[in-house]
Amino acid sequence: MAPLGTTRPEENADPNRSVAGSSSYDVVTRRSLRAAAAKPTKPAKAIKQPSKTRAVAVNAAPASTAVEKAGAKKASRKSTKRSIINMAVMTLAAGLVATMAIPAYAFNPKATAAAQFGTSAIDGMRKAQPQTVAVSQTVAEAAVSRDAVTATSVAELARQKAAAQLVSYAKAYKGPSAAQLVKAPVYAAAPVGNQAAIFAAAQKYIGTPYVFGGATPAGFDCSGYIMFVYAQFGISLPHSVSGEAARGTRVSLANAVPGDVVIMSGHDGFYAGNGNIMDAPAAGRSVSIRPIWTTSYYIVRIG
């Protein structure tokens with residue numbers, strides 16, 4: 001073994017030999033270390049990779065990032081939904097608990113006796129001391145009377161109206177009555193069969209208003225019209241349909257002439273020829289010529 005600080009012959013022979021190439025028994029000196037540090041080292045060659053590999057490596061990072069973001073978003077939604085469900089369940093549970101708790105808080109057993117649905121003093125007295133009411137047999141009943149109701153019938157109204165018309169009618173006409181005309185005829189007595197003169201006299205009163213009970217030119221009813229016309233020829237007739245019918249002689253329709261009298265139930269008038277009648281028809285109307293409206297009639301001749 002060489003003493004410390006001495007060199008071996010190989011070191012003197014080749015002072016530039018690399019430390020790396022020395023054997024295990026070589027002594028490392030300062031000179032060898034400085035030489036090794038000053039020696040330049042070649043950089044490692046970069047290994048080329050295919051372009052596809054680089055593209056995959058570049059794109060792999062964003063794809064993994066997008067997946068991570070989507071997973072995080074989905075997890076966030078699930079967390080939010082879970083929170084809402086938990087809040088709804090807690091609210092419902094609180095409501096149920098409060099609903100069940102209210103009757104317990106409202107009911108107070110100590111106040112039951114004073115509650116409004118408890119037995120009142122009046123009820124207790126009614127049960128303990130039942131009472132009866134006696135009604136005397138001599139109780140006076142209230143007098144009950146029925147009010148009398150009166151109404152004017154249609155017939156009475158018609159009569160009152162007719163009476164009013166007669167009043168105005170009597171004031172309007174100042175000439176002779178039928179009875180006076182019989183005694184002082186206007187026309188010579190018409191012989192039987194000369195009905196034309198009677199019909200001509202009757203035509204003068206076309207337009208005269210109908211008045212119930214009327215027998216003058218101020219107003220006629222049906223039989224009053226016949227009576228007044230015949231009175232001017234000195235022929236006296238009753239003021240009724242049936243009385244005038246009884247005073248005449250029946251003739252067939254084929255032999256009837258104007259001036260004969262048409263008789264029907266409750267009504268009469270002068271025959272006007274061709275199935276027509278000249279009469280005082282009804283209230284609100286006047287003397288006129290119109291067709292005979294029924295087959296229930298017959299004809300009489302007066303004179």
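Colleague: How do you know that T208 is buried?

Modeller: Look at its relative accessible area in this predicted model. The value for T208 is 9%. The cut-off for buried is under 20%. T208 has 9%, so it counts as buried.

Colleague: Where does T208 lie?

Modeller: T208 sits in the loop between α7 and β1 (215-216). Leaving out residues up to four places away in sequence, it touches P217, A218, G219, F220, S286 and V287.

Colleague: What makes the approach of T208 to the backbone oxygen of Y205 a polar contact?

Modeller: Check the distance. A polar atom of the T208 side chain lies 2.8 Å from the backbone oxygen of Y205. The limit for N or O atoms is 3.5 Å. The 2.8 Å pair is within 3.5 Å, so it passes on distance.

Colleague: Now D260. Is D260 buried or exposed?

Modeller: D260 is buried, with a relative accessible area of 0%. Buried means under 20%, so 0% qualifies. Its place is in the loop between β3 (249-251) and β4.

Colleague: Which side chain makes a polar contact with the side chain of D260?

Modeller: That of R301, at 2.9 Å. This is within the 3.5 Å limit, so the pair counts. D260 has other contacts too. Apart from neighbours within four places in sequence, they include Q195, N255, F270 and V300.

Colleague: Why is helix α8 called largely enclosed?

Modeller: Count its residues. α8 covers residues 222-231, and ten of the ten are buried, so the rest of the structure largely encloses it. Among them are C222, G224, M227 and A231.

Colleague: Which residues touch the most other members of the largest nonpolar core?

Modeller: Y225, V229, Y230 and F270 do, in a core of 34 residues. Elements that give it two or more residues include α6 (178-183), α9 (241-247) and β5 (267-273). α8 gives the most, with eight residues.

Colleague: Which residues does V229 touch, not counting those up to four places away in sequence?

Modeller: V229 touches I198, A201, A202, Y205 and F270. There is also a second, separate core of seven residues, which includes V262, Y271, I277 and I299.

Colleague: How many aromatic pairs does a search of the whole structure find?

Modeller: It finds eight.

Colleague: Why is the pair of F220 and Y225 called tilted?

Modeller: First the distance. The ring centres are 5.2 Å apart, within the 6.5 Å limit, so the rings pair. Then the angle. The planes stand at 40°. Stacked needs under 30 degrees and edge-to-face needs over 60, so 40° is tilted. Both F220 and Y225 are buried.

Colleague: What makes the pair of Y225 and F270 edge-to-face?

Modeller: The planes are 85° apart, with 5.2 Å from centre to centre. F270 is buried, as is Y225. Ring pairs also tie Y173, Y205, F220, Y225, F228, Y230 and F270 into a cluster.

Colleague: How do you know that β4 and β5 pair?

Modeller: Count the bridges. β4 and β5 share four, in the antiparallel sense. Pairing needs at least two bridges, so four is enough. One detail: I263 has D268 as its bridge partner in β5. In the hairpin, two residues stand between the strands, and G266 takes a positive phi near 75°.

Colleague: How many bridges join β4 to β8?

Modeller: Four bridges join β4 to β8 (residues 297-301), and the two run antiparallel. In β8, Y298 is the bridge partner of I263.

Colleague: Which way do the residues of β4 point?

Modeller: V261 and I263 point one way, V262 and M264 the other way, and all are buried.

Colleague: One last item. How do you know that R250 lies over the face of Y298?

Modeller: The distance from R250 to the ring centre is 3.7 Å. The limit is 6 Å, so 3.7 Å meets the distance test.

Technical notes
Residues numbered from 1 in each chain as written. Predicted model: local features only at pLDDT ≥ 70, side-chain atom pairs only at ≥ 80, totals over all residues. Heavy atoms only, no water. Buried < 20%, exposed > 50% of the residue type's maximum accessible area, 1.4 Å probe, protein only. Core = buried A, V, L, I, M, F, W, Y, C linked by side-chain atoms within 4.5 Å. Contact = heavy atoms within 4.5 Å. Polar contact = N/O pair within 3.5 Å; in protein donor to acceptor, adjacent residues only side chain to side chain. Phe/Tyr/Trp six-rings, centres within 6.5 Å; stacked < 30°, edge-to-face > 60°. Lys NZ or Arg CZ within 6 Å of the ring centre and 35° of its normal.
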